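Here is a short briefing to read alongside the model. Have the viewer open and follow along.

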Amino acid sequence: MSDVFVNYRTGDEESAATMIARELARRFGRERIFFASDSIEPGHRFPVELMRAVEECRALLAVIGPRWAEVRGAGGRPAIEAEQDWTRREIRTALDRGILVFPVLVGKATRIDPAVLPGDLRELADCQYRRFDHRNAEADLTALGDALGRLLPELGDMDRNARAARERSQAEPRTKQPGNAEHTRMRSRDVGQRVRGGIGNLNGALSGTFVNEPQGPVHTGRGHQYNAPHFEGDNTGVQFTAGDNSSTLQQRFERERGRSDNER
């Protein structure tokens with residue numbers, strides 16, 4: 001069973017109807033979209049297949065161009081006036097069965113005038129519509145598909161566009177992770193570039209003594225240090241102490257100095 005039946009009139013915007021049907025088939029699956037020239041298999045009876053499809057669909061798209069009501073039938077009269085006109089019969093069947101009828105106005109087509117419609121199609125003029133323009137085809141096709149996906153949740157579950165968007169959003173955190181991790185690394189050159197107003201000794205291995213914004217006397221030689229920030233380190237690690245005369249913040253990297261105060 002097809003979810004969407006694409007209705008159109010021969011002689012009026014067949015190319016637009018074909019583009020719409022093919023894009024919807026790509027997005028939701030060919031079996032979900034009925035388009036007479038693509039969906040009826042060779043040897044199958046055309047009238048039977050058409051009526052079966054329109055009776056079983058969930059939505060009918062009525063593709064309407066500027067000449068939709070003007071195309072002439074066999075007797076020279078507008079084709080829409082004939083009760084056996086297939087375009088008219090398909091729309092009438094959908095309206096009678098309470099199926100969602102979705103007009104798509106193509107190009108310069110204006111809002112449907114009830115005066116040009118036969119009595120059994122007057123309701124079509126009251127249906128909210130969408131527009132499709134060849135110059136804006138991609139955006140209009142996307143909007144049309146999005147609307148159908150919202151109106152028909154079961155069809156939305158088959159939406160290839162929505163599935164691709166979910167896959168992209170799930171992949172983004174994995175691709176961004178290395179970059180984020182890189183920013184968390186502390187490298188010696190970053191420290192050297194960002195520190196301002198400090199005094200001391202800092203090399204690539206993060207060893208030596210560094211004092212940032214000290215308050216009070218600072219002693220960096222051998223022996224104990226009193227009333228000042230205190231720093232210890234060796235060739236591979238550093239103990240960092242920052243603060244003032246009343247508070248101390250210590251941060252230890254990698255391993256102990258290995259030497260006691262007595263050795264100094």
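Which residues of helix H3 (residues 46–56) are buried? They are Glu49, Leu50, Met51, Ala53 and Val54, where buried means under 20% relative accessible area, with exposed over 50% and partly exposed in between (1.4 Å probe, protein chains only). This is a predicted model, in which local features need pLDDT of at least 70 and side-chain atom pairs count only at pLDDT 80 or more, while totals for chains, interfaces and linings use all residues. Residues are numbered from 1 along each chain as its sequence is written, and side-chain values use heavy atoms, leaving out hydrogens and water.

**The chain overall**
- The protein chain has eight helices and ten strands; these are DSSP runs numbered from the N terminus (helices H or I, at least four residues; strands E, at least two).
- Of the 264 residues in the protein chain, 37% are buried.
- Taking contacts (heavy atoms within 4.5 Å) between residues at least 6 apart in sequence, 62% join residues at least 24 apart.

**Helix H3 and its neighbours**
- The buried residues of H3 pack against strands E1 (4–7), E2 (33–34) and E3 (59–64), and against helices H2 (36–39) and H4 (86–96).
- H3 and H4 pack at an angle of about 30 degrees, with their axes 9 Å apart; axes are lines fitted to C-alpha atoms, for helices over the stretch in contact, and angles run from 0 to 180 degrees between N-to-C directions.
- H3 and H4 are therefore roughly parallel to each other, a label for angles under 35 degrees.
- On the H3 side, Pro47, Leu50, Met51, Val54 and Glu55 meet Trp86, Arg89, Glu90, Thr93 and Ala94 in H4.
- By class, this contact of H3 with H4 has six nonpolar, one polar and three charged residues; Ala, Val, Leu, Ile, Met, Phe, Trp, Tyr, Cys and Pro count as nonpolar, Asp, Glu, Lys and Arg as charged, and the others, Gly among them, as polar.

**The sheet**
- Five strands form an open sheet in the order E2-E1-E3-E4-E5, with parallel pairing; two strands pair if DSSP finds at least two bridges between them.
- E2 and E5 (130–132) stand at the edges with a single partner strand each, so one side of each has no neighbour in the sheet.
- E1 and E2 run parallel and are joined by two bridges, and Val4 has Ile33 in E2 as its bridge partner.

**Phe28**
- Phe28 lies in helix H1 (residues 14–28) and is buried, with a relative accessible area of 1%.
- Beyond its neighbours within four places in sequence, Phe28 is in contact with Gly145, Gly149, Leu155, Met158, Asp159 and Arg160.
- The C-alpha atoms of Phe28 and Leu148 are 10.0 Å apart, although 120 residues separate the two along the chain.

Conventions: Angles under 35 degrees count as roughly parallel, over 145 as roughly antiparallel, 65 to 115 as roughly perpendicular and the rest as oblique.
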